[in-house]
Every structure is written in structure tokens, then in C-alpha cells.
Amino acid sequence: MSTPSATRRRNPGPSWGYGFLRAVDFLLPEFVYKPIRGIGTLIAMAFMPAQRRHSREYLALALNRRPTTRDVFRHFFAFEESLMTKLRVLNGRPHKTVYAPGADDARQWMENGGPAFLGTFHVGDSDLQGFLIGDELHARVHNKVHIVRERVGNSHDTEKLAEKFGGRIEFIWVNDPREMIYAMKDAALTDNAIALQCDRCEHSARTAEFDFLGARRRFPITIYILAAIFRRPVILTFGVPQAPGLAALHSPPRFDPIPGEPRAATLARGQKHFQDFLRQLENILREKPYIWFNFLPWNSKPSE
């Protein structure tokens, strides 16, 4: 397991913020607490001008119109509510995941486990899927889920969820994309699954261009390189909130490396698989535009 020597950045907010939110959630009824969270979201928006700007840029594409201030608030508040979902799981509240139509390969993997690369985006309840998968797998098989993440400061939610699902979840901390293969080498030699985020390029060694929200945009393709090297299938998923404590897991058919296939051909098939996944995600974002939590600038420049 790779342990970085230093933390490069941190999540916003005070170090005691997550614990405070959990405590207040115990004390106040929802009809009182939800408006308070809305006020807190407005305060956060006021002090995050760059994130407001990036939110507007994304929402203009997803909504196909100029976003209003209310739209930006709904985007920020949806992110806050996704955080509250994780904190409530920590507090012991039940959370159920159902399968969306077409997610048969993901369902089969969940029922049987086995070596695989699991890829997801910062969408809806997706950040919680690894923990829920780890919990559900525990009832069926004894595989672990290794989650590849960047080490950041003020990550109380992630650290506490890892403690809650200890023994079923293990983190592989990678802050330098050049360390990716080395960091996960030991995990890849087991029958455990490895989960990666696949929507941000800043921590990926390899990227490619795809059609998404009206333009050619860069996304990481490291997961397909790893699939070719370690001969593991790729299962892409994202979790869409349906109601409090309920999410639907969306997933296209899995991608399987073919023994003896040249690596270039494997990557070409992988890019087609990823493009199909992006189309599925884009269709959902047209219906539910506020659930993609990407408050970073777009990168539409050609890959180098």
C-alpha cells in the first residue's frame, strides 16, 4: 500500500465540520435541520467563487441554457446532501442500492465477487458505492475491495467509513499517477477487486478524448491499461439517488480483455466501452443535472 509523504490539498471546511454535522443530525429533526443545511450551503457558495464559476460552466451544458443562481445553489446543495448520505451511513442509518435496467453484469459480479477493476465518477451516491459493495460482498464472499484514492486533508467521511467497513475495504493511496501500477501491484495479484475514480485527469497517467456534453473532452483511460496488464474485467458504475436512503446503480455491460489481443486493440475497444458509458451517463445528467459533483474547470484541449 502506497503512503504519500505529504498531503497535497484538503477538502474545504473546518476539520471539525463533519463531526459537527453528524452530531446535529442526531439532535435535530429533518424539517428543522434541512433548512439549516441550506443556509450553510449558501454561506459555502459565497466563499467559493471558483467553484461557483465552474458549476455555471457545467450547468450551462447540462441544462442547455444559462443557469440561474438557484441552479447553482441546487448543484451545491446536491453535493452537500450526498455528503450527508455518507455521514448518515456512519451514524447507522440504512442505505439500499437497487440495480437499474442493463446492470446485469454488475449484479452478477456483486453476487459472486472475484477480481475486477471497478470504475466510477463523482456522481450522486457513487462515492458511497465502494463501501456498500464491500458491505454486501461480505455477506456472500470474502473478497476485499481496494479503493484507489488521492490522500487529502480533512477527509473525516472517508476515514470513518473505512473504519466502519474495516476488513472489507482497504485504501490504496496514490498521489502521483506514475506510482499507480506499483501501488496496486500486490492487490492485483489477489482475487480482490480494485476501484478507481475515472472522471478526473489530474491524477491519471494516460488520457484520451471522448464526446461528452457537446464537445471533445479528456478523460483518464488508465483503468483499461491496467485491465490489459493484469487481465481483469472492467465494470463501470455510478449511483443515482432515488429517495432518502435509496440509490440505483447504473452500469453498462462489462469490458473483458481478450487473451493474446495486442494492447493497442484492447485500448481501442476500451475507449469504445468508455464512450458508451459516457453516453449512458450523459442521458442521466440531462434528467438529473445537479448530481455530477465536478466543480473543476473543463479540459477540452486535445490530448498530448
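Select A116, which is found in the loop between helix 5 (104-112) and strand 2 (117-124). In this predicted model, A116 has a relative accessible area of 0% and is therefore classed as buried, the cut-off being under 20%.

R232 and A116 are 116 residues apart in sequence, yet their C-alpha atoms are 5.2 Å apart in space. To display the surroundings of A116, leave aside its neighbours within four places in sequence; A116 is then in contact with W109, N192, A193, I194, R232, P233 and I235.

Now select helix 9 (residues 222-230) together with helix 10 (residues 263-287). Their axes are 9 Å apart, and the two helices pack at an angle of about 135 degrees; they are therefore oblique to each other. The crossing of helix 9 past helix 10 is right-handed.

Show the side chains at this contact. From helix 9, select Y224, I225, A228 and I229; these meet R263, T266, L267, G270, H273 and F274 of helix 10. The residues of this contact comprise six nonpolar, three polar and one charged.

Finally, centre the view on T266, in helix 10. Is T266 buried or exposed? With a relative accessible area of 0%, T266 is buried. Its side chain is joined to that of E261 by a polar contact of 2.7 Å. Neighbours within four places in sequence left aside, T266 is in contact with A228, F255 and E261.

Methods:
Residues numbered from 1 in each chain as written. Predicted model: local features only at pLDDT ≥ 70, side-chain atom pairs only at ≥ 80, totals over all residues. Heavy atoms only, no water. Axes fitted to C-alpha atoms, helices over the stretch in contact; angles between N-to-C directions. Helix = DSSP H or I, 4+ residues; strand = E, 2+ residues; numbered from the N terminus. Parallel < 35°, antiparallel > 145°, perpendicular 65-115°, else oblique. Left-handed = near helix turned anticlockwise from the far one by under 90°. Contact = heavy atoms within 4.5 Å. Nonpolar A, V, L, I, M, F, W, Y, C, P; charged D, E, K, R; others polar. Buried < 20%, exposed > 50% of the residue type's maximum accessible area, 1.4 Å probe, protein only. Polar contact = N/O pair within 3.5 Å; in protein donor to acceptor, adjacent residues only side chain to side chain.
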